[in-house]
Amino acid sequence: MASSAKKQKVQDSKCIREFQTWWTEKYGMISKGDKAVCVLCSGTVVCRTSSVKRHFETNHKSVSQKSEAEQKELIASALNDRNKQSTSMIKFVGNNCHTSAASNAAANVIARHSKPFQEGEFLKEAWLACAPSLFDDFDDKDKIIQRIKETPLSRNTIKERILKLAENITDQQKIDINDASFISLCLDESTDVTKSARLAVFARYCVGNVIKEELIAIKSLLTTTKGSQLGV
């Protein structure tokens, strides 16, 4: 009996905490996931009428003290501004997806050839120099050149892109290794320009019918890379 009462209480609580559409007009709240978001300040509140009302009357006291007609006008204006910002952001993301993809492709090439991060700016300069001649007979030549100008290839951008690419590769390796039935390791010694000893660890494993061999770690050692000192 107690269990049934508790279950009913939990169900009632869930119903109470559902977003109520009338909060938008009265308190300037919109739904986002399991929270209510204020269009006046972007603050989040749990979906409960008492919490929504308290937020409105406490954080927006000057608005709550106005007449009902003035409140609705201010809330409608804030909601309209928020919708405009959302629309602008969607357009921005849509227009920049191509330039972001190009930026990632350039970063990948720079990383594979071990070039400095600032090579991205050199690439853009070279593209802009070639574009007027290369696309001279294209009707949308100006659009192409503008797209090249908008492609983010600064030193910091290329650095961030390469770090993200490296992180993605590491995540893929972890997934493939965890899914592999068997894995073999190969340890190799290496030294850098400062003659410091380094241990390179390679893993060989299967991904479907494909055998992969990947460098999964390279560590600096305080001593040398002799097997006796590595505990092998």
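**View 1. Serine 42 takes a positive phi near 65° in the hairpin of β2 and β3, which has 5 residues between the strands.** The model is predicted, and local features need pLDDT of at least 70, side-chain atom pairs count only at pLDDT 80 or more, and totals for chains, interfaces and linings use all residues. Residues are numbered from 1 along each chain as its sequence is written, and side-chain values use heavy atoms, with hydrogens and water left out. Strands are DSSP runs of E of at least two residues, and helices are runs of H or I of at least four, numbered from the N terminus. β2 pairs with strand β3 (residues 44-46) in the antiparallel sense over 3 bridges; pairing requires that DSSP finds at least two bridges between two strands. Alanine 36 stands opposite valine 45 in β3.

**View 2. Strands β1 (residues 29-32) and β2 (residues 35-38) pair in the antiparallel sense over 4 bridges.** Methionine 29 stands opposite cysteine 38 in β2. The hairpin of β1 and β2 has 2 residues between the strands, and glycine 33 takes a positive phi near 65° there.

**View 3. Threonine 99 lies in helix α5 (residues 68-112).** Threonine 99 is buried, with a relative accessible area of 1%; buried means under 20%, exposed over 50% and partly exposed in between, for a 1.4 Å probe and protein chains only. Leaving aside neighbours within four places in sequence, threonine 99 is in contact with Arg147, Glu150, Thr151 and Pro152, where contact means heavy atoms within 4.5 Å.
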